[in-house]
Amino acid sequence: MGQTTGGMAATGMYVGYSTNGTSYTEASGSSNSIQQSGGERTTGAAYTFDGDTPIIKGGKRAPITVTWRGIYTPDADEIFSVAQTAYEAGSAFYLRWSPGGGDAGDLGYTTSVGIIKSITYPGGEVDSGDPILTEVVLECASIT
């Protein structure tokens, strides 16, 4: 098989958030990173007297952590403010994203209902002109 020509850059990615899993608000204009970790499936191995290799079986999957990073804005309907409210209440939160931009036919990824584990409140240094960045860390059971 030859080298792919279908690679993508994350420059046009769609990102959205929701508190009910049905109605999503786009946050692409304030997002600059979305990363996932976790979700490892537990495995077990056992050996027998007959054979040189183990018998391996799969168990359950661990939770998945999705980390959103973006530009802080104080607007009540922006992702940070909505996530902060969900974090403080311990209520449901969802994220979804599409590397292709979210147009019809683009592949997308949506978290199951999650709980926000942590947020990074706005901060910064006086001598920097950089926009203030914040972070939302969501734990969920799966991504579809």
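Where is the place of Ile119? Ile119 is found in strand 9.

## The model and a starting residue

This is a predicted model. Setting aside residues up to four places away in sequence, Ile119 touches Phe80, Gln84, Tyr87, Glu135 and Val136.

## The largest nonpolar core

The largest nonpolar core has 20 residues. Those that touch the most other members are Tyr17, Val66, Ile79, Phe93, Leu95 and Ile116. At least two residues of this core come from each of strand 1 (14-18), strand 6 (64-71), helix 1 (79-89), strand 7 (92-98), strand 9 (114-120) and strand 10 (133-140). Helix 1 supplies the largest share, five residues.

Leu95 shows which parts of the chain meet around one core member. Apart from its neighbours within four places in sequence, Leu95 is in contact with Gly16, Tyr17, Tyr24, Ile34, Val66, Trp68, Ile79, Tyr109, Thr110, Thr111 and Leu138. Among these contacts, Tyr17, Val66 and Ile79 are also listed with the core residues that touch the most other members.

## Helix 1

Which residues of helix 1 are buried? They are Ile79, Phe80, Ser81, Val82, Ala83 and Ala86. The buried residues of this helix pack against strand 1, strand 6, strand 7, strand 9 and strand 10. After helix 1 comes Gly90, which has a positive phi, near 70 degrees.

## Thr65 in strand 6

Thr65 is part of strand 6. Its relative accessible area is 15%, so Thr65 is buried. Leaving out neighbours within four places in sequence, the contacts of Thr65 are Gln35, Gln36, Ser37, Val137, Leu138 and Glu139. Leu138 is also in contact with Leu95, while Glu139 takes part in a salt bridge described next.

## Charged side chains

Side chains of opposite charge can pair when their charged atoms come close. How many salt bridges does the structure hold? There are two. In one of them, Glu135 pairs with Arg69, and the closest N and O atoms are 2.6 Å apart. This pair links distant parts of the chain, with Glu135 in strand 10 and Arg69 in strand 6, 66 residues apart. Arg69 is partly exposed, its relative accessible area being 32%.

In the other salt bridge, Lys117 pairs with Glu139, with 3.5 Å between the closest N and O atoms. Lys117 belongs to strand 9 and Glu139 to strand 10, so this pair ties together parts that are 22 residues apart in sequence. Both residues are partly exposed: Lys117 has a relative accessible area of 49%, and Glu139 has 30%.

A further charged group lies beside an aromatic residue. The charged end of Arg96 sits over the ring of Tyr24, at 3.9 Å from the ring centre. Tyr24 is also in contact with Leu95.

## Aromatic rings

A pair of aromatic rings is described by the distance of the centres and the angle of the planes. The count for this structure is four aromatic pairs. One of them joins Tyr72 and Phe80, whose ring centres are 5.5 Å apart and whose planes are at 80 degrees, so the pair is edge-to-face. Phe80 counts as buried, at 3% relative accessibility, whereas Tyr72 counts as partly exposed, at 27%.

Phe80 also pairs edge-to-face with Tyr121, with 6.2 Å from centre to centre and 80 degrees between the planes. Why does this pair tie together parts that are 41 residues apart in sequence? Phe80 lies in helix 1, and Tyr121 lies in the loop between strand 9 and strand 10. Tyr121 counts as partly exposed, at 41% relative accessibility. Tyr72, Phe80 and Tyr121 form one aromatic cluster.

Conventions. Residues are numbered from 1 along each chain as its sequence is written. Side-chain values use heavy atoms; hydrogens and water are left out. A nonpolar core is a set of buried Ala, Val, Leu, Ile, Met, Phe, Trp, Tyr and Cys residues joined through side-chain atoms within 4.5 Å. Buried means under 20% relative accessible area, exposed over 50%, partly exposed in between (1.4 Å probe, protein chains only). Helices (H or I, at least four residues) and strands (E, at least two) are DSSP runs, numbered from the N terminus. Contact means heavy atoms within 4.5 Å. A salt bridge is a side-chain nitrogen of Lys or Arg within 4 Å of a carboxyl oxygen of Asp or Glu. Rings of Phe, Tyr and Trp (its six-membered ring) pair if their centres lie within 6.5 Å; planes under 30 degrees apart count as stacked, over 60 as edge-to-face and the rest as tilted. A charge sits over a ring if NZ of Lys or CZ of Arg is within 6 Å of the ring centre and within 35 degrees of the ring normal.
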